[in-house]
Amino acid sequence: MTINVVVIDDHTLVREAVCRMIDSEPDLSVVGQAGGIAEGRTVLAQSLIHVLVVDVSMPDGSGLVMARAAREASPRLGIVVLTMHNDDETLLEALDLGASALVLKSAPSDEVIAAVRRAAVAPDAFMATGLAEALRRRDSSDKPRLTPREAEVLDRLVAGDSIAAVAKKLYMSESTVKTHVSKVYEKLGAHNRASAVMSALRLGLVKSESIGRSR
C-alpha cells in the first residue's frame, strides 16, 4: 500500500526538502502540500491521505491546533509534528492533542521517514525523542495540567474576551466554554476571572503582556 502524505510548512525550502525526501521512498507519496493553515485546510479537504506532516508555528495559525482539528475529523489519520521547538511544552501539547509523533527538523531524514511510516499504521501510538523525561518533569511540576482546550480558553479569558466571544472564536457553544472555564478555575484555585488571571501569571501559564489584548 502506498502511504499518501500531505506536508504543511510555511518555510518553502524545508517543505520542498521534506516532500522530496518522502517522495524518494517507494511506499510513500506526497499528494499535497501547503504553506499555511488556510491553504492546508483546502488541501486536506481535497486529498485522500494517510499521514499529515505539519509544522508548529505558521504565520496564519498554529499547526498544533490544525492537527487537533484533523484528528477530530479523522481519528485514524497519522499526524507527524515536524518542528524546530525542542521543549517540553511543544512535545506534551503534541501528545495531548493526539499526534502520532513529534520529530525535530534537525533530526536525520531516516527518523522523519520512520515516523511517517509508523504514523500510518499506528496513529494513536505517540513517539518522540525525550518523551519519558518530559513526562517525568510534567508529573513532578507544581503547575496545574490544563488540557489544550482549557489553555485556549484561559488565553482568551486573560485577553479579556467575554464567554460569548470565546465561544465564537474557538467555535464552541457557550455552555461548553462555561464548562471549560469552571475546570480552569478549579485547577487554578480561582473563584473568578481576576483571580484566575493572577494565578495564571504567578504559575507562568500566561505572560503579563497578554492581559486585556483581545484579538
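**Notes on the predicted model**

1. In this predicted model, the second largest pocket has a lining of 16 residues, and those nearest its centre are Asn86, Leu91, Leu104, Thr129 and Gly130. Helix 4, strand 7 (101-104) and helix 6 are the elements that each give two or more residues to the lining of this second largest pocket, with strand 7 providing the largest share, 3 residues.

2. The space in the second largest pocket comes to about 210 Å³. Sorted by class, the residues that line the second largest pocket are 6 nonpolar, 5 polar and 5 charged.

3. The largest pocket, for its part, has a volume of about 2,100 Å³. Its lining consists of 48 residues, and Glu89, Glu93, Pro148, Ala151 and Glu152 are the ones that lie nearest the centre of the largest pocket. The class breakdown for the lining of the largest pocket is 20 charged, 19 nonpolar and 9 polar residues.

4. Several elements supply at least two residues each to the lining of the largest pocket, among them helix 2 (37-46), strand 4 (57-58), helix 3 (63-73), helix 4 (88-97), helix 7 (148-159) and helix 8 (163-170). In terms of domains, the lining of the largest pocket takes at least three residues from domain 1 (3-139) and at least three from domain 2 (148-210).

5. The division of the protein is into domain 1, covering 3-139, and domain 2, covering 148-210. Between the C-alpha centres of domain 1 and domain 2 there is a distance of 28 Å.

6. Helix 3, one of the elements that contribute to the lining of the largest pocket, has a number of buried residues, namely Gly63, Leu64, Met66, Ala67, Arg68, Ala70 and Arg71. At the start of helix 3, the backbone nitrogen of Leu64 has a side-chain oxygen of Ser62 within 3.1 Å.

7. Asp55 is located in the loop between strand 3 (51-54) and strand 4. Is Asp55 buried or exposed in the model? Asp55 counts as buried because its relative accessible area is 5%, and the cut-off for buried is under 20%.

Terms used: Residues are numbered from 1 along each chain as its sequence is written. This is a predicted model: local features need pLDDT of at least 70, side-chain atom pairs count only at pLDDT 80 or more; totals for chains, interfaces and linings use all residues. Side-chain values use heavy atoms; hydrogens and water are left out. On a 1 Å grid over the protein atoms alone, a cavity is a set of points where a 1.4 Å probe fits but cannot get out, and a pocket is an open set with protein on both sides within 12 Å along at least five of seven lines; lining residues have an atom within 4 Å of a point. Grid points are joined across faces, edges and corners, and a volume is the space filled by probe spheres set on the points. Helices (H or I, at least four residues) and strands (E, at least two) are DSSP runs, numbered from the N terminus. Ala, Val, Leu, Ile, Met, Phe, Trp, Tyr, Cys and Pro count as nonpolar, Asp, Glu, Lys and Arg as charged, and the others, Gly among them, as polar. Domain bounds come from an automatic or database domain assignment. Buried means under 20% relative accessible area, exposed over 50%, partly exposed in between (1.4 Å probe, protein chains only). A polar contact is a pair of N or O atoms within 3.5 Å; within protein, one must be able to donate a hydrogen and the other to accept it, and residues adjacent in sequence count only if both atoms are side-chain atoms.
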